[in-house]
Structures are given as structure tokens and as C-alpha cells.
Amino acid sequence: RHGIISGMDTILVFSTSIGRAHADMLAGVREFAKDADWNVQSFVYDGEPFPVRKLLDFWMPSGCIVEGCGNGVSAGIIDHKAFRRTPVVYIGSEPTMTPKDAACVVHDAESVANAAARELMSIGMESFAFIGAKGKGWSNRRKVTFAEAMKLNGHPVAATDVHPTSAGVYGKDAARLRKWLLELPKPCGVMAADDEIAATAVSICRLSGIDIPNDIAVIGVDDNESLCENTVPTLSSVRPDFQQGGRFAARLLARMMRGGRSAHRETVFGVSGITRRGSTRVFKRRD
């Protein structure tokens, strides 16, 4: 079915992320849309549930893409029943935000964790640790694969979780994280589940007199430039290939719009690289 713009399929994109993840994902969708002659309309989570049914009634879309990578969001922000029979592809969403048997595009946790592990081992760290986001499946997958990569290379991993919110880590959680960071054997390479948690770790280390990166080197995930470039020191980060993920989601949606089966399927996107900044830029000390 075509939307309100004659001759074009209208596609609605719902996103809970901001910064690079959102921009790259949307760029991937729009890249595919050029050749497919789609009209893409995007909506970003602003703290209130998306008015899905009203937007579908207004735009009459041929399909939808739902990105659910953002922290501090819950299943209630998307009314899955409101999509009715409109084809939908979910990208990066947690299981609690994804209907059973939905078509999904997810990041490759193994490639993300392995990239971070290689970065931290290459700068000569002697011990390793992981800071996760409590209750988040994507964080648990990164933690497990990071620990496996380190075990393969003969290194144990210390791990802890924090409760992430849209405003960061505060109160008892921050105090517990500070004590944990102080007690880590040094020098230590720390992978955080995402950039927000990594930035919190960097701030706590700085306020606690821990030298970054010589005592603790920190690497995050997502390469959110507005955050990574404004920590002191600046934050190194793994870049998941969200643009590739956007292209995969658009391609899968196009197949469903042509009448392809909507049974569960999962497409995986990888890593585009690492942006190295001050938090892992260790300089060899000379006598």
C-alpha cells in the first residue's frame, strides 16, 4: 500500500537513541530509501510514548522501522498492537521491546567485545574489568563475550553492573562504583557497556585521583562524539556499524513489503572500527 505521497512508499522510523547511533542508523535507512523511492519520516523518543496509531493513521505508511537501543527506555513507549498489519522491522531492540517472532536486526556482541579486548590488551594493561548496565540483555552479551575473549588470552575479568539512567549514574551506585574502581589491580583495562557508563567511570577516576589511562584505561561503545570528546581525558570507543544496521533493516523491510513471510528472522551487523582517544592513549614511560 502507498502512503499519502503519490507513487511513493512512506516509511516511518521510530528511534530511542540520540547522537551517532541514531544518525548513522537513519543514514543507512535513507541510503536504501534513495534507490527504493521511499519517503522516510523519522521520530525520536522525547520521554513520552510514541503515538504510533495516530502517526500510522496520518501517514498511512507501507512499513515501519523501530530502533530501541536507547538507555532508560521501557517496553511501554511502543504500542506494538498499534502497528496492526503494517510490516515492522526492529533494530537493536531488547527482547522486552520486541514482539514475539518479530523481524530483527541486531548488533554482533562478539565483534564489539573482541574489538575492545584487542584495544586494551594492545596497550599493555595487566588486568581487565567490565562495567555493565544492570538488566540489559545487550550489556550481558557484551560482558560474556569480553570475558571469553580475555579467557582465551589467559586473563581473568572482574565485573560489576550499574543502574544506568538517562541522567547517568548517581547516589549509592556511584559510590559503589568508585570503591570498585579503587580496588581494581592496576594497571587495568576497563570495558564499559556503553559510552555513558564509560564517561561516568572516567569522571569517578578523575575525582578519585586515579590516573587515566596509565592506572586505568577505559573504552566505551557507540562512539557518541558529543560525549566522548567532552570527557577529561577524551573517551575511546568502539563504533558499531549502525549505518550497516540501518541498511539491513531497510532491506528486510522491503522484502516484507513485497509479501515476504514475517516469521522471526535475525540479521546481524558488526563493527566499523575504534575511535582512539585519551582514555586508552598510553605513552611508554622513559627513564
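Here is a quick tour of this chain, from its overall make-up to a few local details.

What you're looking at is a predicted model, where local features need pLDDT of at least 70 and side-chain atom pairs count only at pLDDT 80 or more, while totals for chains, interfaces and linings use all residues. Residues are numbered from 1 along each chain as its sequence is written, and side-chain values use heavy atoms, with hydrogens and water left out. The chain's secondary structure comes to eight helices and twelve strands; here helices (H or I, at least four residues) and strands (E, at least two) are DSSP runs, numbered from the N terminus.

**The chain as a whole**

- Of the 287 residues, 54% count as buried, where buried means under 20% relative accessible area, exposed means over 50%, and partly exposed is in between (1.4 Å probe, protein chains only).
- Take the contacts between residues at least 6 apart in sequence: 77% of them join residues at least 24 apart. Contact here means heavy atoms within 4.5 Å.

**Aromatic rings**

- The structure has eight aromatic pairs. Rings of Phe, Tyr and Trp (its six-membered ring) pair if their centres lie within 6.5 Å; planes under 30 degrees apart count as stacked, over 60 as edge-to-face and the rest as tilted.
- One of the pairs is F14 with F83, an edge-to-face arrangement with 5.9 Å centre to centre and 75 degrees between the planes.
- F14 sits in strand β1 (residues 9-15) and F83 in the loop between β3 (63-67) and β4 (88-91), so this pair ties together parts that are 69 residues apart in sequence.
- Both partners are tucked away: F14 is buried at 0% relative accessible area, and F83 is buried at 2%.
- Y45 and F50 make a tilted pair, 6.2 Å centre to centre with 50 degrees between the planes. F50 counts as buried, at 9% relative accessibility.
- Ring pairs also join F14, F43, Y45, F50 and F83 into a cluster.

**Helix against helix**

- Two packed helices are described by the angle between their axes and the distance between the axes. Axes are lines fitted to C-alpha atoms, for helices over the stretch in contact, and angles run from 0 to 180 degrees between N-to-C directions.
- Helix α3 (residues 109-122) and helix α4 (residues 137-152) have axes that come within 8 Å and cross at roughly 45 degrees. That makes α3 oblique to α4; angles under 35 degrees count as roughly parallel, over 145 as roughly antiparallel, 65 to 115 as roughly perpendicular and the rest as oblique.
- The crossing of α3 past α4 is right-handed. A crossing is left-handed if the near helix is turned anticlockwise from the far one by less than a right angle, and right-handed if clockwise.
- On the α3 side, the residues that meet α4 include A109, V112, A116 and L120; among those on the α4 side are R141, T145, F146 and M150.
- By class, the α3 and α4 contact has ten nonpolar, two polar and three charged residues. Ala, Val, Leu, Ile, Met, Phe, Trp, Tyr, Cys and Pro count as nonpolar, Asp, Glu, Lys and Arg as charged, and the others, Gly among them, as polar.
- For helix α1 (residues 19-36) and helix α8 (residues 242-257), the axes come within 7 Å and cross at roughly 40 degrees, and the two are therefore oblique to each other.
- α1 passes α8 in a right-handed crossing. The residues that meet include M25, V29 and F32 from α1, and F242, R247 and A250 from α8.
- The α1 and α8 contact has eight nonpolar, three polar and four charged residues.

**A closer look at A115**

- A115 is in helix α3 and counts as buried, at 7% relative accessibility.
- Leaving aside neighbours within four places in sequence, A115 is in contact with V238 and I274.
- A115 and R239 are 124 residues apart in sequence but 9.4 Å apart in space, C-alpha to C-alpha.

- Most residues other than glycine have a negative phi, and most peptide bonds are trans.
- The I212 to P213 bond is cis, with omega near 15 degrees; P213 is in the loop between α6 (195-207) and β9 (216-221).
- The V232 to P233 bond is cis too, with omega near -5 degrees, and P233 lies in the loop between α7 (225-228) and β10 (236-240).
- D101 has a positive phi, near 65 degrees. D101 is found in the loop between β4 and β5 (103-107) and is partly exposed, at 48% relative accessible area.
- D222, in the loop between β9 and α7, has a positive phi near 120 degrees.
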